[in-house]
Amino acid sequence: MAVTVSEKEGVVIFRLSGRIITPGVKEVSEIIEEALAVHSSPPRIVFDFKEVTGMDSSGLGVLMKIYSDIHPHGGEMAVINVNKQVKNLIVMARLITVFKNFESEDDAIAALLQHPE
């Protein structure tokens with residue numbers, strides 16, 4: 001499991017890879033929180049799941065924690081390249097409306113930048 005952080009047009013992009021599961025989710029959470037601490041508020045975030053091979057409920061919990069931390073401050077979050085297993089997990093948890101899903105990084109960035117709070 002690894003996380004690569006980049007930024008484009010003020011939107012923070014987290015490229016996740018591997019399995020986002022219980023043993024390593026704390027590390028993922030810490031990387032994300034550290035990256036967000038140095039960016040402007042309100043945060044605009046894209047999670048790219050292209051290289052993710054699996055995720056469990058604790059991985060989903062990390063995403064929900066990030067969302068609950070940024071949303072009250074006007075932050076927004078989007079996901080891209082979500083595979084079937086991860087999408088099913090999101091749907092089962094009834095979070096499909098919380099995580100805005102886009103086809104491409106450019107689409108996600110454009111949508112996040114259109115809605116300044």
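Helices here are DSSP runs of H or I with at least four residues, numbered from the N terminus. The model is predicted, so local features need pLDDT of at least 70 and side-chain atom pairs count only at pLDDT 80 or more, while totals for chains, interfaces and linings use all residues. Residues are numbered from 1 along each chain as its sequence is written, and side-chain values use heavy atoms, without hydrogens and water.

Select residues 25-37, helix α1, and then residues 57-70, helix α2. Their axes (lines fitted to C-alpha atoms over the stretch in contact, with angles from 0 to 180 degrees between N-to-C directions) come within 9 Å and cross at roughly 20°. The two helices are therefore roughly parallel (an angle under 35 degrees).

Next, show side chains. V25, V28, S29, I32, E33 and L36 of α1 are in contact (heavy atoms within 4.5 Å) with S58, G59, V62, K65, I66, D69 and I70 of α2. Seven of these contact residues are nonpolar, three polar and three charged.

Now select V79, V82, K87, I90, I96, F99 and N101, which line the largest cavity. A cavity is a set of points on a 1 Å grid over the protein atoms alone where a 1.4 Å probe fits but cannot get out, and lining residues have an atom within 4 Å of a point. This cavity holds about 40 Å³ of space. Its lining has five nonpolar residues, one polar and one charged.

Terms used. Angles under 35 degrees count as roughly parallel, over 145 as roughly antiparallel, 65 to 115 as roughly perpendicular and the rest as oblique. Ala, Val, Leu, Ile, Met, Phe, Trp, Tyr, Cys and Pro count as nonpolar, Asp, Glu, Lys and Arg as charged, and the others, Gly among them, as polar. On a 1 Å grid over the protein atoms alone, a cavity is a set of points where a 1.4 Å probe fits but cannot get out, and a pocket is an open set with protein on both sides within 12 Å along at least five of seven lines; lining residues have an atom within 4 Å of a point. Grid points are joined across faces, edges and corners, and a volume is the space filled by probe spheres set on the points.
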